[in-house]
Structures are given as C-alpha cells and as structure tokens.
Amino acid sequence: MQTAHEFFIHELNEMLDVEQRLVEALGELEAQSSRPELKKAFAAHRQQTEKHEERVRQIFEELEETPEQTECKGIKGLIEEAHAFMEETPSEDLLDVFNIGAASKSESYEICAYKSLVQLATDMGHRKAAQLLKQNLREEEQTLKKMETFSKKIKPEQSGMEEEEKQPARRRTRRSKAA
Ligand SMILES: [Fe+2]
C-alpha cells in the first residue's frame, strides 16, 4: 500500500466489515436482553446499522471502487468478548447491564473510526463521501448517548451497596467489643 487512496479504500473496507458484523451482533443483543426497552433499542440500532452499511457501499459506488472482503480485528475482538461473557452464564439482569456496556464499546470504536474517515475524505476532497460518513458518525454519537442514558437507569439488582453498608457496622461492633 502506497497511496492515500489505497489507504482510504482499505479503511472503508474495514468499516464495511464493522457494520456487517454489528448487524448480526445487534440481533444477538436484542435476542439476549430481557428488558423490553432494551430489546426495542437494539432492534432500532440494528436497522440503523443496516443503513450505515448501505451508506458505506454508496461511497464505494461514488468512488467507482468495489468492496473487498476483509476482517476488522478490532470489532471482531469486541464481539468475541461478548460471546465469552455468555459462557459465564450471567443472570438476565447482569446480561442486560453487560449488553449496554458492549454496545457502548462498539459505538465508541465506530465513532473513532468514522472521525478518522471523515478527516481523510475531507483532506482528499471527496465531499460526497465525507457527507455520508458524517451522517453515520452523527447517528453513532446519538446511539452512544442513548446507551449512556440506559446505563444510568439500568443497574444490577444487587449492586453490592448492601454489603458495603454492613461492613462499617461490623467494624464498629468489633471496636466496641475491644474497648
Ligand atoms: Fe454503525
């Protein structure tokens, strides 16, 4: 690889793979989550991701290039992390909390990737591509915000706070015995 154009195409192929993998992964998140509002959010997110894939394909058309099958190791790793978590046989409750975090991580990854791509497209004078990439970027940012709102609202049922409250009391008892 020598030219900026080759690099741009390489990065677009990676992004196409990201979006394709996420369409599938979001289907899994939807199926696994137990809270209806989460299921709904993941389903909507999946549809949005299909649109992102479509926009990336549109850029290839604009540039008169053909997409090539590639494997984005970054997003593949995040998906593997989620699969590994399932092997821990989490409770429904904790799985919901995990899934919100998993979606946030992949959104953050996409946001960084799209920011770089927007910059590259702008520098290279590909105005239409930059515009399509910015549209995807904006939607990723909105979805991340939505996930952050969920993470403030959806907490593990047993947060562990009960234990922390008990401990100082126990310590006090011990101290009063010693005195
Ligand atoms: Fe996306």
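This is a predicted model: local features need pLDDT of at least 70, side-chain atom pairs count only at pLDDT 80 or more; totals for chains, interfaces and linings use all residues.

Mentor: Residues are numbered from 1 along each chain as its sequence is written.

Trainee: How is a pair of packed helices described?

Mentor: Two packed helices are described by the angle between their axes and the distance between the axes. Helices are DSSP runs (H or I, at least four residues), numbered from the N terminus. Axes are lines fitted to C-alpha atoms over the stretch in contact, and angles run from 0 to 180 degrees between N-to-C directions. Here, helix α4 (residues 92-123) and α5 pack at an angle of about 160°, their axes 8 Å apart.

Trainee: What does that angle make of α4 and α5?

Mentor: α4 and α5 are therefore roughly antiparallel to each other, a label for angles over 145 degrees. The crossing of α4 and α5 is left-handed, meaning that the near helix is turned anticlockwise from the far one by less than a right angle. The contact of α4 with α5 has 14 nonpolar, seven polar and seven charged residues. In these classes, Ala, Val, Leu, Ile, Met, Phe, Trp, Tyr, Cys and Pro count as nonpolar, Asp, Glu, Lys and Arg as charged, and the others, Gly among them, as polar.

Trainee: At what angle do α2 and α5 cross?

Mentor: Helix α2 (residues 36-62) and helix α5 (residues 127-153) cross at roughly 165°, and their axes come within 10 Å. That makes α2 roughly antiparallel to α5. The crossing of α2 and α5 is left-handed. Their contact residues divide into six nonpolar, seven polar and five charged.

Trainee: What span should α4 have?

Mentor: The expected span is 1.5 Å times one less than the number of residues. The 32 residues of α4 should therefore span 46 Å, and its end C-alpha atoms are 47 Å apart, which agrees.

Trainee: Is Glu64 buried or exposed?

Mentor: Glu64 counts as exposed because it has 6 C-beta neighbours inside 10 Å, where exposed means 12 or fewer other C-beta atoms within 10 Å of its own, with C-beta atoms placed from the backbone. Thr89 has 8 such neighbours inside 10 Å and therefore counts as exposed.

Note on methods
Helices (H or I, at least four residues) and strands (E, at least two) are DSSP runs, numbered from the N terminus. Angles under 35 degrees count as roughly parallel, over 145 as roughly antiparallel, 65 to 115 as roughly perpendicular and the rest as oblique. A residue is buried if 20 or more other C-beta atoms lie within 10 Å of its own, exposed if 12 or fewer, and partly exposed in between; C-beta atoms are placed from the backbone.
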